[in-house]
Amino acid sequence: MKKHIIILALLIFVSSLVPVTAGHSNDEVIPVYAADGRVEYIMSGDAEAYYKAGWYSEPVSTMYALDGRTLVVPDRDIPAYLNVGWYENPVILLYSEDGRQLIVNKADTEAYLAVGWYTEPVKRLYASDGRQCVVGVSQVDAYLAVWWYANIDDVSRIMVSPDGKEERVFASYYAYYFSLGYTIKNSRVIDPSKPMVALTYDDGPSIHTNRILDCLQLHGAAATFFEVGNNVVNYPQITKRAFDAGMEIGNHSYSHPNFNTMSVSAALNQIASTSVAISNATGGYVPRLMRPPYGNITKELCAKIEQPSIHWSIDTRDWATRNAWQTINSVLNSVKDGDIILMHDVYSQTAEATETIVPALIERGFQLVTVSELSLYKNQPLSPGVKYHSIR
Ligand code: ZN
């Protein structure tokens, strides 16, 4: 860009349209040129007056910049101006849905708008029933607040029919497709008609997380880990392992503060910096779920966050008892279909309890799924800023 500006400055200097009268005697007939293409033949003695009135001593044209500026330049310099970002006609910048940009003649704007170009950057949004819309980026937040989604995978999945055909199915129709025997592509096989629960582990990753992951993977189970940003930075390889093994990684703030006693903007910073840490550790995954520390979240913060706020229906109180059997009993004595179970992967006793809880739940017919899978198979899409304690 800087180079263009320098070249342009040189051009303007070299070819500046200082009227040239040398070489003409006052009674010669000479042509003068207007920027709109008119030519007149005048007595050379009148030339000064013509030049002052906006006529030129050689053929000139108006050039146009993308930002609306115009410039009158000698015709012989037109190619040089074209090379540095000027145009022979008024132009406009158009945007495509996939991020491309195109500069076209302003006169052709309508034709381009008719074939999928836009006058501002846009984003395609999706609804759970398959509707789609393309809106200006400035409107995206307003749409996201009323059940539109920016990511098609948040509202649809590729499903596979019993005879192997693949089809993208929107969330509103999952239940119907399940009834036809379809399964979700690339997922563990989950039967939506059978009970399922979501084990969740908070405050990690820690030195105890790998033992929990070993157990979950051994049994083909999944869980959700609500991780604290500064622990993710300390143990990024554990976050990566969990993510790669099909676990869901949720956001549990950066330093585990009480959101009820801090400003909304400070809380949002806690959430944002944790998403960055998780994205860095996983190779780009941005958590879709948030669990506030202590389950504390104000209405004001709820209204501002981009994620659903995931709470729990069974509190094992593993952090208080630090006793594997009490943790095991608190789960097995009350578990039912659709529960979200709260534990913490920062205690050896919780890792120990997991080794009993996981096979026991499977033995009883529960499928162990992530919170997002629970939402998916229960056909209950999660919405930003809404609190969930169970998904049934
Ligand atoms: Zn916590």
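Two strands count as paired if DSSP finds at least two bridges between them. By that rule, three strands form an open sheet in the order 6-5-7, and the pairing is antiparallel. The structure is a predicted model. It also holds a zinc ion coordinated by Asp203, His252 and His256, nine aromatic pairs and 17 salt bridges. The points below take these topics in turn.

- Strand 5 covers residues 91-96 and runs antiparallel to strand 7, to which two bridges join it.
- Ser96 has Trp117 in strand 7 as its bridge partner.

**Sheet 11-10-12**

- A further open sheet consists of three strands in the order 11-10-12, with antiparallel pairing.
- Strand 11 (166-170) and strand 12 (183-184) stand at the edges of this sheet, and each pairs on one side only.
- Strand 10, residues 156-160, is joined to strand 11 by five bridges, and the two run antiparallel.
- Val160 stands opposite Glu166, a residue of strand 11.

- Strand 8 (residues 122-126) and strand 9 (residues 132-136) run antiparallel and are joined by five bridges.
- Lys123 stands opposite Val135 of strand 9.
- The two strands form a hairpin, with five residues between strand 8 and strand 9.
- Gly130 lies in the turn and has a positive phi of about 100 degrees.
- In general, strands of a sheet pair through backbone hydrogen bonds, and the pairing is either parallel or antiparallel.

**Zinc site**

- The zinc ion is coordinated by the OD of Asp203 and by the NE2 atoms of His252 and His256, at 2.0 to 2.1 Å.
- Along the chain, the donors of the zinc ion follow the spacing D-x48-H-x3-H.
- His252 and His256 are both buried.

**Aromatic pairs**

- A pair of aromatic rings is described by the distance of the centres and the angle of the planes.
- The structure holds nine aromatic pairs.
- One of them joins Tyr143 and Trp148, with 6.1 Å centre to centre and 65 degrees between the planes, and is edge-to-face.
- Within this pair, Tyr143 counts as partly exposed at 26% relative accessibility, whereas Trp148 is buried, with a relative accessible area of 12%.
- Tyr176 and Tyr177 form a pair with ring centres 5.8 Å apart and planes at 85 degrees, so this pair is edge-to-face.
- Tyr177 has a relative accessible area of 15% and is therefore buried, as the limit for buried is under 20%.
- Tyr174, Phe178 and Tyr377 are linked into a cluster by ring pairs.

**Salt bridges**

- Arg124 forms a salt bridge with Glu97, and the closest N and O atoms are 2.5 Å apart.
- Arg124 lies in strand 8, while Glu97 lies in the loop between strand 5 and strand 6, so the pair ties together parts that are 27 residues apart in sequence.
- Arg124 is partly exposed, with a relative accessible area of 24%, and Glu97 also counts as partly exposed, at 33% relative accessibility.
- Arg100 forms a salt bridge with Asp98, with the closest N and O atoms 3.0 Å apart.
- Arg100 counts as partly exposed at 47% relative accessibility, whereas Asp98, at 53%, counts as exposed.
- Exposed means over 50% relative accessible area, so Arg100 and Asp98 fall into separate classes.
- Lys194 forms a salt bridge with Asp191, the closest N and O atoms lying 3.5 Å apart.
- Lys194 counts as partly exposed at 45% relative accessibility, and Asp191 is partly exposed with a relative accessible area of 28%.

Methods
Residues are numbered from 1 along each chain as its sequence is written. This is a predicted model: local features need pLDDT of at least 70, side-chain atom pairs count only at pLDDT 80 or more; totals for chains, interfaces and linings use all residues. Side-chain values use heavy atoms; hydrogens and water are left out. Donors are N, O and S atoms within 2.8 Å of the metal (3.2 Å for Na, K and Ca); water is not among the atoms, so sites may look incomplete. Buried means under 20% relative accessible area, exposed over 50%, partly exposed in between (1.4 Å probe, protein chains only). Rings of Phe, Tyr and Trp (its six-membered ring) pair if their centres lie within 6.5 Å; planes under 30 degrees apart count as stacked, over 60 as edge-to-face and the rest as tilted. Helices (H or I, at least four residues) and strands (E, at least two) are DSSP runs, numbered from the N terminus. A salt bridge is a side-chain nitrogen of Lys or Arg within 4 Å of a carboxyl oxygen of Asp or Glu.
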